[in-house]
Amino acid sequence: MYIRWFKELTIQDIALVGGKNASLGEMYRELRSKGLRVPNGFALTTEAYRLFIKENRLDAKIKAAVKNLDARDVLALRRAGANIRRQILAAKFPSVLEKELLMAYRALGTENNRSKGPVSVAVRSSATAEDLPDASFAGQQESFLNVIGSHDLLVAVKRCLASLFTDRAISYREAKGFDHFAVALSVGVQRMVRSDRAGSGVLFTLDTESGFQGVVLISAAYGLGEYVVKGRVIPDQYFVFKDGVKRNFPAIISRRLGTKESKLIIAGHGTKNEKVKKTDRERFVLTDAEVLELTRSGMLIEEHYKRPMDIEWAKDGVDGKLYIVQARSETVKARQDTAFLEHYKLKKTGNVLVVGVSVGEKIGQGKVRIIESPKKMKEFKAGEILVTRLTDPDWEPVMRIAGAIVTEQGGKTSHAAIVSREFGIPCIVGANKARQLLKPGMSVTVSCAEGEVGRVYKGRLPYEVERRKIIDLSTLKTKLMMNIGDPGQAFKLAALPHRGIGLAREEFIFTNFVKIHPMALAQYAKVTDPVARRQIAELTRGFPDKTAYGVQKLAEGIALIASAFYPEKVVVRLSDFKSNEYATLIGGSGFEPQEENPMLGWRGASRYYSPEYKPGFKIECAAFKKVREEWGLKNVVVMIPFCRTVEEANQVLDTMKEFGLERGKNGLQVYLMCEIPSNVLLAKEFGKLFDGFSIGSNDLTQLTLGVDRDSALVKHIYNENNAAVKQLIRDVIKTAHAAGRTVSICGQAPSDYPEFAEFLVQEGIDSISLNPDTLLKARERIAALEKKLGISAKTKFASAAVVGKALPALGLAGLALVFGGATCQTVSERAVEARVRADVQNQLTVFRADLEKQVTERLAEQSPSEILYHETGVGEFVVRLPADWNITRDKEDQARFAAPDNSAWFMVEKKAYRKVPQEAQAGKHVELFGLPAEIFSPTAVNPVSSTASLARAVIYPEGYENSKTVYEFSGNYASAAEFLGRVTEFKP
């Protein structure tokens, strides 16, 4: 028996019917009763494949074709694959196999057949090693749509069998270490969904870039699904908040309209391309109800398999229903080590040549190679930047060796995006006119490390890669939160240890998501600038009511952050642009005054109740209401910035209530940004109106010291560590706690000054909000400090027991540390007070040194494992590095690898070579990586220090006499062998 119907299969049958068919059978059997729709079908088993190969005596021929094959040799790979496929296509079906196949096809046609004649089916390959939790094999074998009739079915099945040996499939198995003969192929035959009359797409039950599992990502386009999977169109994109859907909120937290220029439709017994009408391009493929139905289907499948899933769906244009046509494990982000962080950062920016949607978070560099067709792949060299219109599985042999990939078409779920994620290669999709704007041979930097937008810069820009192991420390009493501006970074940052967001800046959302001045939306008729009117009209396509656009986009930005950190608190500060900054938004110049000192002018709270801005503030309030009440993200806290007086606070709260945001209703908390001395002096009165205080140390410092923080002339005075600033912070913490209010800080000081963070812990602050890049170091420091002081998550304030524990270590200074200066305040004599303060400072200095030592020792005890890094810029090689080492590219032809403290380092440089006789005699001639080389004795880096030395080795690719370019390895090691031992597979 060579046929198995879906109802007979489970996920345990991978060896019999391959991953794809086993999953379809599992869902058909187990999830139909729960409302999941899967089109019926059957599978031709792997035993049928083996019978086909055996009876046609193809075993020996296939083995001969792949013996000693170097899959990196594109031409050899092409010849071997073509030879094997030609023989399979020329072979005949065994009679028993053909009989069973056609009998099953006729039986499928009689089941609820909606048309006369043979039924239309999709014929898909299903390999035994595909769709596994640790290997995707996405698109490696062929699929054929709208197959009608017995003859066409037999041809399609044979072509599926042959596709087990496409160039890409052979290459992939070689790379993954799969035996070509241990992998067998099944073929699935499934009733065709008429998505050519509606739409189709892909669904992931996580964010494909960060691996964040709190959302569902859906892509949708018109027509059959092939164009979405292969990236031929830029589809619509939706993010849906899972927890909100579980609680019955319609939590579609982000929508992005795709261009969807064309679609693949059924024509006769095949398919054809058709342009999409402009009116259809400018509307979304799916309704909100359909997005939520797909989300629930994805969550149901994920729950059943207990892992993140990659799912293909299709909408039938005849019956109007949504169907799941494939489901496989997501194999890239779900397997990444979430305890390990890797951060790529450009050290400077430059001339932007092309922009698109970033895939991954890395940076790649190299020379541009524009490839129009897979037939030109032989021209591609390892490390080059692949630029093309789109990719499909035929491109994978060159994609794996690319320094980066740029495609003009496609979205986050396109073939280029999926494969580049799996290979760990930076990729930009949807980069309009990339083949025109990027010239062959030009050196570029492809950056996917700057959020949602990927950028191609001219030249090779310096960058660095920081790796850090997240250490699991005990829960802190002091809550560590994060500051965030870019919602596009939220899902990535959620992997850090955190207690939520202490400051989300609404200004960034306006600048990058909304882009239009709120008043230009609320009073569009008053916008007279023709350029601004055109820009607003373009951005608000699909929104007849322009204020609705502002509400939607602002809400999306807030929701992306809130969902990433749910259920922890996310404190979102209302807009705090200055008038000169507001004027830079589209249409803003006509609504903003000219102020001499915008820093102290019409900003913050004073805007919200003002008749000149109140309609714009209504948009802000409506966005918060949508996020909290429609989408279920009630972890969002509203924060009022720059509120000068208690009377002004009441006016703002009344205005918010007028627009549907009432403190205390539906659990809404409202915080005050404590950044003006009046906020501290009247903290008791402000505390009656707000649920908490968040100290803004930047403005508090400038207003306390009377300096303009943006002025270079007085920057030497501006210092958050000033005693007056600290006294104000000490006072507000004490007053807020007395009133039962929480106190946090979200200014720059705790991120910039470790000692300032220590001061806050000592004063008993409830939470500290830090910049993400300083969070881990601060966490280690504060954990050690709390341990030293005997503070735990259970102790809200220091007790007598804590004081007793701290005194032996700190003496009299211990009292000052625990009670935040209370001891000093009880001493009347000024001299004694000064002496005690000095003693405290001295103790702190010693204490910090002790903490640094403890943290260093702890890090040493928990040193992370080593990693393999593949370099393709300065030659091609693999280097074994400690996981926390950094990689820096300051020059085009230089790569530097170093420990975080630079105690050990080595680098590789590509240089123009000029032979110096004296130097040539100093080196020992050897062979490295099969190439002539010289190793030089270590030399002193510093003549005064004999312990510091520099070891070098030089490789001459064309020989000692003929090389015009050399590769120099150097490092602060006792011998070159120490760092050369880390390098393998070097190629010039």
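1. A term to begin with: two strands pair if DSSP finds at least two bridges between them. Helices (H or I, at least four residues) and strands (E, at least two) are DSSP runs, numbered from the N terminus.

2. Before the details, please note that this is a predicted model, in which local features need pLDDT of at least 70, side-chain atom pairs count only at pLDDT 80 or more, and totals for chains, interfaces and linings use all residues. Residues are numbered from 1 along each chain as its sequence is written, and side-chain values use heavy atoms, with hydrogens and water left out.

3. Five bridges join β15 to strand β21 (residues 453–458) in the antiparallel sense, and V354 has V456 in β21 as its bridge partner.

4. Strand β15 spans residues 352–359 and includes V352.

5. Now look at the open sheet, whose six strands have the order β9-β8-β7-β6-β12-β13 and pair antiparallel. Its edge strands, β9 (252–256) and β13 (322–329), each pair on one side only. On average, neighbouring strands of this sheet are turned by 15 degrees against each other, direction ignored. Strand β8 (residues 236–241) forms four antiparallel bridges with β9, and Y238 stands opposite R255 in β9.

6. Which helices pack on this sheet? Helix α11 (residues 288–305) does, touching strands including β6 (199–204), β7 (215–222) and β12 (309–315), where contact means heavy atoms within 4.5 Å. The direction of α11 makes about 140 degrees with that of β12. Helix α19 (residues 546–565) packs there too, touching β7, β8 and β9, and its direction makes about 125 degrees with that of β9.

7. Finally, visit helix α29 (residues 754–762), which is largely enclosed by the rest of the structure because seven of its nine residues are buried. Among them are F756, F759 and L760, along with E758 and Q762. Just after α29, G764 takes a positive phi of about 85 degrees.

Conventions: Axes are lines fitted to C-alpha atoms, for helices over the stretch in contact, and angles run from 0 to 180 degrees between N-to-C directions. Buried means under 20% relative accessible area, exposed over 50%, partly exposed in between (1.4 Å probe, protein chains only).
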